[in-house]
Amino acid sequence: GYDVIDPLGDLDPHRLAMLWRNHRGEEKRLTFSDLKTLSNQAANLLRSHGLQKGDVVMTALRTHWSYWIVALAAHKLGLLLAPVYYRLTAEDFRYRMEKAKVRCVVTCREEPAAENIWAAAERAQVPLRFALGPGEDGFLDLLAALPQQPDTLDRVPTLATDPLLLYFTSGTTGLPKGVLVSHRSVLDFIDVFTDTFSFTQTDRIGNQAPFDFDVSVKDIYGALKAQATLVMIPRRLFSRPKELLDFLCEHKVTTLIWAVSALCLISTFHGLDYRTPDTVNKVLFSGEVMPLKHLKTWMDHL
């Protein structure tokens, strides 16, 4: 009678789960079957290093696609996942690691603050550290470089009240606080969210929210719930409106769950006059007021 996040439990293995471009501009794709295999291998890797239910895994991965692999692996083992902003000082990283009693850190060795992460992990005595890379191939490279891990896994029994995610506040009004989110909280929210906005298997969700920001829950778990495709939008495109619109059109994105500032970037530079992403049928925003001028621009074009 306990409902928990069951990663990939009843999903169509042949459906496209994720697509992105690597650092060479090549398009990469993963099916739900690929996600299951890779997350099982990642979970077995973490388990082989002694991680047990309740241990905390911290990620500093911006919107690196490998985050999804790490997240699913953590969920399957009953680990607590703590995504943090990737560009903190060593002291800020250390504070969060010590506060959460982190047992494992996962980052990309090409992150600008990688040295700060490793220095903090050493001072906080984090026993397990993984650096993904090179480029954006992440866990594929890590798994290929290590002894072969099984692609099947016995899940760790988990309760609905067990914590799933740990988010840190910004700390702008003092020390950052850790906010725990349980399995039940995500399930209750995602069920209503996907039903309210009619998410389906045909949707392609264009990810803009960084994974250390709780809005990304809508992208990641919305895609899992609806068996939709998560499209990873390269970060650099959010300062290049024309290229961003070309990307949305090329990949037939249907859903934008974006910050108001990202939406206003396009309307400010008249991007929709250049090209309208006609496949988009849902534009969602929250957290701040959408200026009427910019809202009207989007509504006139879509």
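These legends describe close-up views of a predicted model.

View 1. The largest nonpolar core has 58 residues. Within this core, the residues with the most contacts are Trp 68, Leu 165 and Tyr 221. H2 supplies the largest share of the core, 9 residues. Leaving aside residues up to four places away in sequence, Trp 68 touches Ala 17, Met 18, Leu 35, Ile 220, Ala 223, Leu 224 and Leu 230. Another core lies apart from the largest one and has 22 residues, among them Leu 16, Leu 237, Leu 248 and Met 290. In soluble globular proteins, nonpolar side chains tend to be buried together.

**View 2. His 75 in helix H2.** His 75 is placed in helix H2, which spans residues 66-77. The relative accessible area of His 75 is 1%, and a residue counts as buried under 20%, so His 75 is buried. The side chain of His 75 makes a polar contact with the side chain of Tyr 221, at 2.7 Å. Tyr 221 is also among the residues with the most contacts inside the largest nonpolar core.

**View 3. Helices H6 and H7.** Helix H6 covers residues 183-196 and helix H7 covers residues 216-226. The two helices pack at an angle of about 75°, and their axes are 10 Å apart. Angles of 65 to 115 degrees count as roughly perpendicular, and H6 and H7 are therefore roughly perpendicular to each other. On the H6 side, the contact is made by Val 186, Phe 189, Ile 190, Asp 191, Phe 193 and Thr 194. On the H7 side, Val 217, Lys 218, Tyr 221, Gly 222 and Lys 225 take part. By class, the contact of H6 with H7 has 6 nonpolar, 2 polar and 3 charged residues.

View 4. Gln 227 lies in the loop between H7 and strand E10, residues 229-232. Although Gln 227 is not a glycine, its phi is positive, at about 55°. Gln 227 is buried, with a relative accessible area of 14%.

View 5. Of the 9 residues of H9, 7 are buried, and the helix is mostly covered. The buried residues are Val 260, Ala 262, Leu 263, Cys 264, Leu 265, Ile 266 and Ser 267. Their cover includes helix H8 (241-250), strand E11 (255-257), helix H10 (271-274), strand E12 (282-284) and H11. His 270 is found in the loop between H9 and H10. Phi of His 270 is positive, near 55°, in a residue other than glycine. At 53% relative accessibility, His 270 counts as exposed.

**View 6. Helices H9 and H11.** Helix H9 (residues 260-268) packs against helix H11 (residues 292-301) at an angle of about 70°, with the axes 10 Å apart. H9 and H11 are therefore roughly perpendicular to each other. Leu 263, Cys 264, Ile 266, Ser 267 and Thr 268 in H9 meet His 294, Thr 297 and Trp 298 in H11. This contact of H9 with H11 divides into 4 nonpolar, 4 polar and no charged residues.

**View 7. Asn 40 in helix H1.** Asn 40 lies in helix H1, residues 32-48. At 5% relative accessibility, Asn 40 counts as buried. Not counting residues up to four places away in sequence, Asn 40 touches Lys 76, Pro 150, Asp 151, Thr 152 and Leu 153. Asn 40 and Phe 247 are 207 residues apart in sequence, and their C-alpha atoms are 31 Å apart in space.

Technical notes. Residues are numbered from 1 along each chain as its sequence is written. This is a predicted model: local features need pLDDT of at least 70, side-chain atom pairs count only at pLDDT 80 or more; totals for chains, interfaces and linings use all residues. Side-chain values use heavy atoms; hydrogens and water are left out. Axes are lines fitted to C-alpha atoms, for helices over the stretch in contact, and angles run from 0 to 180 degrees between N-to-C directions. Helices (H or I, at least four residues) and strands (E, at least two) are DSSP runs, numbered from the N terminus. Angles under 35 degrees count as roughly parallel, over 145 as roughly antiparallel, 65 to 115 as roughly perpendicular and the rest as oblique. Contact means heavy atoms within 4.5 Å. Ala, Val, Leu, Ile, Met, Phe, Trp, Tyr, Cys and Pro count as nonpolar, Asp, Glu, Lys and Arg as charged, and the others, Gly among them, as polar. Buried means under 20% relative accessible area, exposed over 50%, partly exposed in between (1.4 Å probe, protein chains only). A polar contact is a pair of N or O atoms within 3.5 Å; within protein, one must be able to donate a hydrogen and the other to accept it, and residues adjacent in sequence count only if both atoms are side-chain atoms. A nonpolar core is a set of buried Ala, Val, Leu, Ile, Met, Phe, Trp, Tyr and Cys residues joined through side-chain atoms within 4.5 Å.
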